[in-house]
Amino acid sequence: MASFVSTLFFQVLLMVSVLHLSNAGRRLTELVEDQSMTFQYHKGTLLSGKISVNLIWYGNFKPTQRAIISDFVSSLSSSPASLNTQSQPSVLTWWKTTDKYYSLSSKNKKPSSLSLQMGKQILDENYSLGKSLSRNQIVQLAAGGDHENAINVVLTAADVTVESFCMDSCGTHGSQGKKSKFAYIWVGNSETQCPGQCAWPFHQPIYGPQNPPLIAPNNDVGMDGMVINLASLLAATATNPFGNGFYQGPADAPLEAASACPGIYGKGAYPGYAGDLLVDSTTGASFNAHGANGRKYLLPALFDPTTSSCSALV
């Protein structure tokens, strides 16, 4: 745990950190003081090969909202050729930072690689388990997806409460199964429950400097916030899928690829300020990555293990 810092700095970091999500879920009180850290590789297996990202929609989501997330996932495998020269940096460029972890884990062997692709979409619009879920029920929902070569992502609607949601996390990632483990992620829509915690910088934080919030690139504070948290969790899942991959700190509350760089989205970022970002000339929305179907997204900085520093797209 980082050493004591001022109360104000603590409160700002508390709110602006992209909420990492380990097997136990990142604590909102977690601090990050020094970016010049060294990640430890714990010799575990990383996800590799072709992995399908299955989206499990729990509750009421509009088709336009689902498209924001599905286009983001599709963007993770969009080749540079599919984007024109003016559509850079891209979501795929951001994702390529995770390749560096694979190179380090392989050392003298041929590096393994991971290719994510859009998988199935499962709709549970009738709230089959109710509108108040435990973490065990999240795992139950995640088990409804494929159990091999898959990441099952449970996305809960704005009117669904989840155990510890907003209190200590905006989502989690973990693994389940004995013989054949599958990875899963949960992300909640914080639009009405805690946008100041889980949708910053598109909403004013509860604590710290009350700067005007940024305009969300897809005009949906809740869903654009979910993209940030999903991106963070996908990077963590790839590099630490089973709790014994790359991370620093205690295993039950580790710093992972994105959670090691809280609140950083562009150069010059500091607590309460996301950094120097790109701005859409038409809508005024802030973003740092181009995606499929003309989408724009704001993605968190990732920890670069080759430089031991946080790497933002812009």
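K96 sits partly exposed in this predicted model, with a relative accessible area of 45%. Its partner is D99: the two side chains meet in a salt bridge, N to O at 3.7 Å. D99 is partly exposed as well, at 28% relative accessible area.

How many salt bridges does the structure hold? There are 8 of them, including the K96 and D99 pair. Another one of them joins R295 to D71, with the closest N and O atoms 2.9 Å apart. R295 belongs to the loop between β12 (289-290) and β13 (296-297), while D71 is part of helix α2, so this pair ties together parts of the chain that are 224 residues apart in sequence. Both R295 and D71 are buried.

Then there's K296, whose side chain meets that of D280 in a salt bridge (3.4 Å, N to O). K296 is in strand β13 and D280 is in the loop between β10 and β11 (286-287), so the two parts being tied together are 16 residues apart in sequence. D280 is buried, with a relative accessible area of 15%.

**A charge without a bridge**

You'll find D220 in the loop between α6 and α7 (221-239). D220 is buried yet has no salt bridge. Where is the nearest side chain of opposite charge? That would be K62, 6.7 Å away. Salt bridges are counted within 4 Å, so K62 doesn't qualify as a partner for D220. What the side chain of D220 does reach is the backbone nitrogen of G222, at 3.2 Å. Leaving aside residues up to four places away in sequence, D220 touches Q65 and I68.

**Inside helix α2**

D71 has already brought up helix α2, and I69 is found there too, with the helix covering residues 63-75. I69 is buried, with a relative accessible area of 0%. Which residues does I69 touch, not counting those up to four places away in sequence? The list is L55, W57, L155, M223, M226, V227 and L230. As for L55, it comes 14 residues away from I69 along the chain, and the C-alpha atoms of the two are separated by 8.8 Å.

**The disulfides**

Now for the cysteines. A disulfide is a covalent bond between the sulfur atoms of two cysteines. The structure holds 3 disulfides, and here they are.

| Disulfide | S to S distance | Torsion about the S-S bond |
|---|---|---|
| C166 and C194 | 2.0 Å | -70° |
| C170 and C198 | 1.9 Å | about -85° |
| C261 and C310 | 2.2 Å | about -95° |

The link of C166 and C194 is left-handed. It connects distant parts of the chain, 28 residues apart: C166 is in the loop between β6 (161-162) and β7 (171-176), and C194 is in the loop between β8 (182-188) and α6 (195-198). Both C166 and C194 are buried.

The disulfide of C170 and C198 is left-handed, with a torsion of about -85°. C170 is in the loop between β6 and β7 and C198 is in helix α6, so this pair ties together parts that are 28 residues apart in sequence. C170 counts as buried at 0% relative accessibility, and C198 counts as buried at 4%.

The disulfide of C261 and C310 is left-handed, at about -95°. C261 is in the loop between β9 (246-247) and β10 (278-279), and C310 is in strand β15 (residues 309-311), which puts them 49 residues apart. C261 is buried at 1% relative accessibility, and C310 is buried at 17%.

Count the bonded cysteines along the chain and the pairing pattern reads 1-3, 2-4, 5-6.

**Stepping back**

The chain's secondary structure comes to 7 helices and 15 strands. Of its 314 residues, 56% count as buried. The chain exposes about 13,100 Å², and carbon and sulfur atoms supply 50% of that. Among contacts between residues at least 6 apart in sequence, 74% join residues at least 24 apart.

Conventions
Residues numbered from 1 in each chain as written. Predicted model: local features only at pLDDT ≥ 70, side-chain atom pairs only at ≥ 80, totals over all residues. Heavy atoms only, no water. Helix = DSSP H or I, 4+ residues; strand = E, 2+ residues; numbered from the N terminus. Buried < 20%, exposed > 50% of the residue type's maximum accessible area, 1.4 Å probe, protein only. Contact = heavy atoms within 4.5 Å. Areas by Shrake-Rupley, 256 points an atom, 1.4 Å probe, with all protein chains shown as cover. Disulfide = S-S within 2.5 Å. Lys, Arg positive; Asp, Glu negative; His and termini not counted. Polar contact = N/O pair within 3.5 Å; in protein donor to acceptor, adjacent residues only side chain to side chain.
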